[in-house]
Amino acid sequence: MSEKRDPFDGAYIGNIFGPKLTLYGAILILFFTGIAVYRHWKLGVPFGMEESVPVSTDSIPLDSINLIE
């Protein structure tokens with residue numbers, strides 16, 4: 001007789017989703033990544049990681065206490 005093993009004894013028991021669902025998920029991720037890369041390349045649309053910070057070109061305003069020089 002073989003001894004039954006406890007599946008929670010710390011040993012790796014395998015992928016619980018199975019190879020087919022894992023493959024479908026990987027294909028879906030690659031598909032959407034491909035769409036994002038194509039859109040970035042073809043349309044010149046940024047990925048959204050860059051933030052444009054407005055640069056102030058105004059001079060520093062004078063202090064209201066020291067207006068007279």
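Helices here are DSSP runs of H or I with at least four residues, numbered from the N terminus. Keep that in mind for the views below, which come from a predicted model.

**View 1. The chain and its helix, H1.** The secondary structure comes to one helix and zero strands. That helix, H1, takes in residues 18–43. With 26 residues at 1.5 Å each, H1 should span 38 Å, and its end C-alpha atoms do sit 38 Å apart, so the two values agree.

**View 2. What the surface is made of.** Of the 69 residues in the chain, buried ones make up 1%.

View 3. Ile16, Phe17, Leu21, Leu23, Tyr24 and Ile27 together make a nonpolar surface patch of about 700 Å². Tyr24, one of these residues, has its place in helix H1.

**View 4. Phe31 meets Phe32.** A pair of aromatic rings is described by the distance of the centres and the angle of the planes. The count of such pairs here is two. In the pair formed by Phe31 and Phe32, the ring centres are 5.4 Å apart and the planes stand at 65°, so this one is edge-to-face; the cut-off for that label is over 60 degrees. Phe31 itself counts as partly exposed, since its relative accessibility is 48%.

**View 5. Tyr38 and Trp41, a tilted pair.** How are the rings of Tyr38 and Trp41 placed relative to each other? Their centres lie 6.2 Å apart with the planes at 55°, so the pair is tilted. Planes count as stacked under 30 degrees and edge-to-face over 60, and the rest are tilted. Along helix H1, Tyr38 and Trp41 are three residues apart, so about one helical turn separates them.

View 6. Trp41 has a relative accessible area of 64%, so Trp41 is exposed; the cut-off for exposed is over 50%.

Conventions: Residues are numbered from 1 along each chain as its sequence is written. This is a predicted model: local features need pLDDT of at least 70, side-chain atom pairs count only at pLDDT 80 or more; totals for chains, interfaces and linings use all residues. Side-chain values use heavy atoms; hydrogens and water are left out. Patches are made of residues with over 30% relative accessible area and no salt bridge: like charges are joined within 9 Å, nonpolar side chains (Val, Leu, Ile, Met, Phe, Trp, Tyr) within 5 Å. Accessible areas come from the Shrake-Rupley method with a 1.4 Å probe; for residues, only the protein chains shown count as cover. A salt bridge is a side-chain nitrogen of Lys or Arg within 4 Å of a carboxyl oxygen of Asp or Glu. Helices (H or I, at least four residues) and strands (E, at least two) are DSSP runs, numbered from the N terminus. Rings of Phe, Tyr and Trp (its six-membered ring) pair if their centres lie within 6.5 Å; planes under 30 degrees apart count as stacked, over 60 as edge-to-face and the rest as tilted. Buried means under 20% relative accessible area, exposed over 50%, partly exposed in between (1.4 Å probe, protein chains only). The expected span of a helix is 1.5 Å times one less than its number of residues.
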